[in-house]
Amino acid sequence: MKLCVRDHRRDLEIVFLRENKGWTFPEIGKKYNITKARAKQLYDRVKEEREETEKESKKLGIGA
């Protein structure tokens, strides 16, 4: 069984392309040779992780 290796750089680039360049999920999918649904999944995962990190930072009083 092959283990999946997460590509953090790609995931962050997907968020950058979506938020800063205004790319659509089909465009992002084409660039990385993945489906538009997979591009959205990766985008949502990074956004969720970012929100969790911000909540934890606020809870600890970091960055206030």
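The model is predicted. Helix H1 covers residues 8–19 and helix H3 covers residues 36–60, while helix H2 covers residues 25–32. H1, H2 and H3 each supply at least two residues of the largest nonpolar core, which has 10 residues in all.

**H1 against H3**

- The axes of H1 and H3 come within 9 Å and cross at roughly 95°.
- Because angles of 65 to 115 degrees count as roughly perpendicular, H1 is roughly perpendicular to H3.
- On the H1 side, the contact is made by Arg10, Asp11, Leu12, Ile14, Val15, Arg18 and Glu19.
- On the H3 side, the contact is made by Ala39, Leu42, Tyr43, Arg45, Val46, Lys47 and Arg50.
- Sorted by class, the contact of H1 with H3 has 7 nonpolar and 7 charged residues, and no polar ones.

**H2 against H3**

- The axes of H2 and H3 come within 8 Å, and their crossing angle is roughly 100°.
- H2 and H3 are therefore roughly perpendicular to each other.
- H2 makes this contact through Phe25, Pro26, Ile28 and Gly29, and H3 makes it through Lys36, Ala39, Lys40 and Tyr43.
- Sorted by class, the contact of H2 with H3 has 5 nonpolar residues, 1 polar residue and 2 charged residues.

**The buried side of H2**

- Phe25, Ile28, Gly29 and Tyr32 are the buried residues named for H2.
- These four cover an arc of only 100° around the axis, which means that they are on the same side of H2.
- As background, an α-helix has 3.6 residues a turn, so residues three or four places apart point the same way.
- The buried residues of H2 pack against H1 and H3.
- Phe25 has a relative accessible area of 12%, and it counts as buried because the cut-off is under 20%.
- Leaving out residues up to four places away in sequence, Phe25 touches Arg18, Lys36, Ala39, Lys40 and Tyr43.
- Phe25 and Thr53 are 28 residues apart in sequence, and their C-alpha atoms are 24 Å apart in space.
- Ile28 is in contact with Ile14, Leu17, Arg18, Trp23 and Ala39, again leaving aside neighbours within four places in sequence.

**The nonpolar core**

- The largest nonpolar core is made up of Ile14, Val15, Leu17, Phe25, Ile28, Tyr32, Ala39, Leu42, Tyr43 and Val46.
- H3 gives the most to this core, with 4 residues.

- Val15 is found in helix H1, and at 2% relative accessibility it counts as buried.
- Leaving aside neighbours within four places in sequence, Val15 is in contact with Asn20, Tyr43, Val46 and Arg50.
- The C-alpha atoms of Val15 and Leu3 are separated by 24 Å, and these residues are 12 residues apart along the chain.
- Asp11 also lies in helix H1. Asp11 is a charged residue by class, and at 1% relative accessibility it counts as buried.
- Asp11 is in contact with Arg6, Leu42, Arg45 and Val46, leaving aside neighbours within four places in sequence.
- Arg10 has its place in helix H1. At 19% relative accessibility, Arg10 counts as buried, since the cut-off is under 20%.
- Beyond neighbours within four places in sequence, Arg10 is in contact with Tyr32 and Leu42.

**The loop after H2**

- Asn33 follows H2 and has its place in the loop between H2 and H3.
- Asn33 has a positive phi of about 60° although it is not a glycine.
- Is Asn33 buried or exposed? At 74% relative accessibility, Asn33 counts as exposed, because the cut-off for exposed is over 50%.

Key
Residues numbered from 1 in each chain as written. Predicted model: local features only at pLDDT ≥ 70, side-chain atom pairs only at ≥ 80, totals over all residues. Heavy atoms only, no water. Axes fitted to C-alpha atoms, helices over the stretch in contact; angles between N-to-C directions. Parallel < 35°, antiparallel > 145°, perpendicular 65-115°, else oblique. Contact = heavy atoms within 4.5 Å. Buried < 20%, exposed > 50% of the residue type's maximum accessible area, 1.4 Å probe, protein only. Arc of directions from axis to C-beta. Core = buried A, V, L, I, M, F, W, Y, C linked by side-chain atoms within 4.5 Å.
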